[in-house]
Structure formats: structure tokens, C-alpha cells
Amino acid sequence: MNPKSSTSKIKTIIMHEYLTKVKTKGFIIATILGPLLLLAVIFVPILVTMLGADSTERKIAIVDYTEKLGKDIVNSDTSKYFLTNYTPETLRKEVLNGKLDGYLVIPKDFLKRGKADVYTMGGGGIGFLNTLESNVREVARKERLREAGVDISVIKLVEEGVNINTQKITKEGTEKDYAEAYAVVGYVFGFIIYTLMLLYGSFVSRGVIEEKANRIIEVIASSARPFEIMMGKVIGIGAVGLTQVLFWVILSGILLYLIAPMLGGMVSDPELLKSQMMNQNQNMMMPTSFEIPSISPWIFIAFIFYFLSGYFLYATLFAAVGSAVDQESDAQQLQFPIMIPIIIPILLVGYVISNPESTISIVLSLFPLFTPILMMVRVAATPVPLWQIIASIVLMLGSFYGCVWMAARIYRVGILMYGKKPNLKDLFKWVRQAG
Amino acid sequence: MDILKVNSIVKRFGDFEAVSKVSFSVGQGTVFGLLGPNGAGKTTTIRMMTNILKPDEGEVSLFGEKVGSLQQNRIGYLPEERGLYKKIKVIDQLIYFGQLKGMTRSDSQLEARKWLKKLDAETWETKKIQELSKGMQQKVQFITTILHNPDLLILDEPFSGFDPINTEIIKKIISDLKTEGKTIILSTHIMEQVEQLCDSICLIDKGKMILSGMVREIKKNYGRDTIIMEWDGDDSFLNEFSNIKYINRSNNRAEFRITDGLKPMELLNKASQKNNIYKFELAEPSLNEIFIDVVTKQGVDNES
């Protein structure tokens, strides 16, 4: 027999871990559906506010006792509003019969008291109410100004909307800055890293526990060194994660460069924009035009690096914890200390996004346990100085080395230890004892 | 030629010394029994032979070299507590374990198919382990141990979980492997199997070696102090002797050891006065008896 070197053993373990995981239905479904879900999370609210502001045809009758405002309100959307002389009692019946969606009663003293009532069958959503309210409000404001003797030109001036466009200064000149959009990108990437670290970390610990609980580990340990077994598993499962991430990156690249222009074009359609502006007039909640900013390939590269380094850092710790327990239900208590530093940065993301260049943000993002999420957020949200990026890379690699060293020592002892449920103190004892 | 040499190995876990100064050697083509009560340190000893654990003191050498990663490929180890991946197909597991022992993928597949066929298990190839019965799983496990054609087999309770028919099949394979010149280390509590299969043994208790040597010599040294007799009639004659230690006793049959200089002939004379004796055999003690004897004595020695 031709004895093989140990590098080929770790390769065997990596391939085994990779192939068994990649072939599962769960992985294939998650890989394909993941981006769709994410797209849904990002775009559905936009599309809904955009298209669904008040897209359903509604007929609203207006009973105008002021005999002034009704006409202007009808003019704001003739397809929706019409003036009527019927009494509210008749209109009520019409609504109940379904011939009418509702009716608005404007009392005589409306301009003074500013109160009117709309009667509907209920429902209709916030979009409907907002539109109606802003239509009426606009007309009323114009009328009040006119009554106060303000010149028409002044009224026009008042109605001009205000819109601040952010401009980013670069060496090439100025370009449109999408600070808000980049903040969203940062948040999304940070959140993906968070999810993947937890998900793949728990795959590692579950895999280790499975081998220990089913007593497979004894046979494997008689074939390869514990370090090879642990790292083979960590790398193999990491490769599964990388496959998934690469698939997503390529897919989102395709989406961004092919489909986004179409979407963007749709959103900046002038007609839609107009209705949008009318819907929102006073409290501008949406930018007047929606364009998808281009995401630099560097952000994707950073994403892959911070995902991988974060995964490896935590996966080795998850492996160590997995090796220490006999069954999965015992693992939770020991996993808690590992999960906390994964969760904390998610709570800090909001702060870091709004102050990406503050000292606190810099320090937090350089703390290795937080780096994967917080540095990712910063890289996406703001131009991070090169030295900070290099520092984060060096610190990540150094901590990874440290974690592997510690985890390997725990793993070596843990996989053969059955019976008692160890606590954190025991794990540190194992680290010191392992020779 | 001795292919395995265990040279006064010591293993401590904290303050507890699990194995203390155990030494033995195993010749090529022989079956060696590693015996001892539960918790005696057998598994720890085996783990040091398979390079899972490193001894704190002493050394294990295999095929003339200190045991290490390379030697591992030549060992087939069947642990007492065993298991397989529940959700992976039989053939894929076998290929994986073969590869872990340094085989190429194609060789591993070839050997796996060969053994599955030999054990009448070809139809399980694409089944997942969780779909197999316990006995079938044991067969697959046994194949993982011998798939890579190891020169040294370490089998810890190899027959547990097998029905009598499959036990015979496995025994046959073990003796075939021995004929081929493979060396086998057997660890079991079932002494009849040791008597049937082992050439030499080593008995450890509380981490210490308390008995070792060739099975035949150990039994010979113990002397013929065991009497097996069968008779017709009354068994009350036995009650007249106080220095008898029964192994088992029924109305017409008794197996016992005599102590304190009781003469076998004296006993036979007494018995034949009232009864019709049709079997009287002076035998060597069974290994089972020796095992119990040595281990209990050891316990007494330790306490005094």
C-alpha cells in the first residue's frame, strides 16, 4: 500500500465535507432563493409605495358646503373626485350599495376649523387617506393664502418643493453621492455576513457534535490528526459558504448591471414621479428620483474577505465548543459566549452607519471579533482609509491564528471526552493542559 | 517477528493514571487478546496504539517504527462504541473511510464493492445507514475496518450486535485474515471467544498489567484444579466438602475448583459410594475463571 501524505488526508476531509453539504436540497434551495428573498426585502417596499400609493380606482363624491374648495379638489384628480349635490343620506346608501367608494363632506367653516369628514366602508389603507388628506390640504392652503390677500406668484413660490441632492467630491470632479443608498448596501452586506457566520458556524458545531455523538470520531481520529479533522471540516464547510456567496455575488452583479437600469428607468418615469410628489408633497420621505447606485467591485471583494475571515474565526470556536459536548442540546450554553460578539455588532450597525468616521466606529471596526460586520458596513458606507483596511486584515489573520491554536487544543481533548458536561473553565484548562 | 511493541507506556488524565507502565508485544500473524474489566484502561491503551493519544511516558512502535500518521494507514480499528454517518449512503461512507486510510477513490470503491459482496450486502450500496438494521450497520462498520487491507487489526468487542450466524461469518473472516498473515488484537469480555481465537493475552486492571503470556501456558501454570462431574442420584455428598468453589452446580452436574489440598480421588470415592458417576474430568480452569480469580485477587491486594 502506498501511504499518502497528510495533506491529502485534509484534502479528503475537505472534499467530503464540501460534497455532502453542497448536494443537499437545503443548500440548493437557500442558494437560489436567498437573493430573491433579499431582493424582495429591498424592492417590495419601494415598489409598493411607488405603485401602490393609491393605484386602485376609487370614486369619492365631494359634498362641498364652502362652495369654493370642491372644484379645486376635483381638479387635483378628476378621475377620482367629483362634485355632487346629493345629501349625505343618499350618498350613504350609494356607498353601502357599492356604487361609490366614499364621500367627503366639507363643512362651511372648514377653512377656519380645518376639519372635514370622509365616509367610507372602512379600509382603503394609509395610502388612500394620505393622498386625500394632502389633496385637500393643498387646496385649503392655497385658498387660505388667497383669502389673506397673498399674491398668486407668492403662492406658487411657497408650493415649490425643496430637494437636496447630495454631491460627492472625487478627484475627477463631483458626482452624485448616494450616501443613503450606500448605507443600505452596508447594512445589507453586514447583515448577510452576520447571518452566514451564525449559520455556517452552527453547521460546523453541528457536524462536530454529530461525529462525536455517533462515535464516528474515534475511527476518523485513528486515521488522521485531530487538527486535520477539525480544519478539514472548517475549510470544507467554509468552501460551501464561499460557493453560496460567490453565486450570490455573480447573480447580484448580473441583476445590478442588467436589470437595475430597467428598474431605475421605470422608477424615474416622469408620470409616476409626479404622482409620487403629489402623494408626499410636504414630508418628503422618498428621494424624488430613484436610481440604483453602482456598487464598486471592491465592496464585493471586501465582502468576500470579511465573510471568509469572520467565518473562519468563529467556525474554529464553534468547532471547539462542539467537540466539548456529547449532544446538540448541551451545546447551547457553551455557544452563547461565541454568539454574543456576533450579535453585538448588529446592534451597533445603526451607529456606525450614521457616524462611519467617528473614533468609536474606527475602534469598534478594528476589534477583530467585530471587524467582519462593522468594517464591512464602513467600507460600504464611507471611503475607509487604506491603513485601517490593512490593519483590519492583519488583525483578522492574527486572531484567526490564535483561535485555531486554541480551538485545536480544545478539540483534541474534547472529541475523546464523554460523560460530563464541561463548562468554560474546563475548556481553558484543556487549552493549558494539551501538550 | 513482533510487529507491535508496547514499551511501558503511561497515560495520565490530571491526577488519574489511566495506564501505568504497560508493556507487551505482538507477533505477526497471531491473535492477541487485550483483556480487562470495564474501566481498566483498555481503550486508553488502544488509543495510544492507534496514535489517537500520545503516551506521557514510554513508546509504542509499529512495524519497527514509532507509531505516527503513516503507521495509522496500516491499522484497521473497530472501536467498541461505533457509529457511521446516518444520512450518507453506504458506499459513500466506505469510500470516505478508505480514502482516510490513504486509498485512492477508485481503489476504495473497488474494495468496498468486493467486501459488500462477500458479506451478502451488495444491495445496500445506495441505502443510507439509517435505513439499515443494527446488524447490517455492524457489517458495514466491520467493512470500514478491513477495507484498506490493514496489516494490524484492532477489534474492540467485534461481535457485539451480531447474531450467531453473522458472528460465525465474522469469526471466519478473522481467521482467514490471520492465515493471510495479518495480526489481530482482540479486546472482549467474552472469554470463550478469547479461548477460541487468541494465541496470547494481556490482562490489565486499574491501568496495570496483571497477567500476560500465551493462553496455553497461562492455563497450564494455573494447574488442573477444576473438576467437571456428572452423576445420577443424590448430590448431597458435595455438601460434605467445604473447600470447593463452584463455577456452576445443578442436580446432576457440577463444575468446581478444589482448594486447600483437597485430593480429587478422595472426592471421587465419596461420591461413588452412593451415586452412579458417569463423568469425572480433571480440567484446566477456563480463562473466565482465571480472569475473575486474578481480578478479584488484585482488588484484595490493593485494599490490604
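## A positive patch

Lys23(A), Lys25(A), Lys87(B), Lys89(B), Arg105(B) and Lys128(B) gather in a patch of positive charge on the surface of this predicted model. Patch members have over 30% relative accessible area and no salt bridge, with like charges joined within 9 Å. Lys128(B) sits in the loop between α4 (105-118) and α5 (134-146) of chain B. With 33% relative accessibility, Lys128(B) is partly exposed (buried is under 20% relative accessible area, exposed over 50%, partly exposed in between, using a 1.4 Å probe and protein chains only).

## Salt bridges

Across all chains, a search turns up 30 salt bridges (a side-chain nitrogen of Lys or Arg within 4 Å of a carboxyl oxygen of Asp or Glu). In one of them, Glu211(A) pairs with Lys233(A), closest N and O atoms 3.5 Å apart. Glu211(A) is in helix α8 and Lys233(A) in helix α10 of chain A, so the bridge ties together parts 22 residues apart in sequence. Both residues are buried.

Over in chain B, Arg113(B) meets Glu125(B), with 2.9 Å between the closest N and O atoms. Arg113(B) belongs to helix α4 and Glu125(B) to the loop between α4 and α5, so this pair links parts 12 residues apart in sequence. Arg113(B) is partly exposed at 39%, whereas Glu125(B) is buried at 18%.

## Reading the model

Scores are ipTM 0.82 and pTM 0.74. Chain B has a mean pLDDT of 87 (the predictor's confidence in each residue, from 0 to 100).

Residues are numbered from 1 along each chain as its sequence is written, and chains are lettered from A and ligands numbered from 1 in the order in which they are written. Local features need pLDDT of at least 70 and side-chain atom pairs 80 or more, while totals for chains, interfaces and linings use all residues; side-chain values use heavy atoms, leaving out hydrogens and water.

Methods:
Patch = residues over 30% accessible without salt bridge, like charges linked within 9 Å, V, L, I, M, F, W, Y side chains within 5 Å. Areas by Shrake-Rupley, 256 points an atom, 1.4 Å probe, with all protein chains shown as cover. Lys, Arg positive; Asp, Glu negative; His and termini not counted. Charge placed at Lys NZ, Arg CZ, Asp CG, Glu CD. Helix = DSSP H or I, 4+ residues; strand = E, 2+ residues; numbered from the N terminus.
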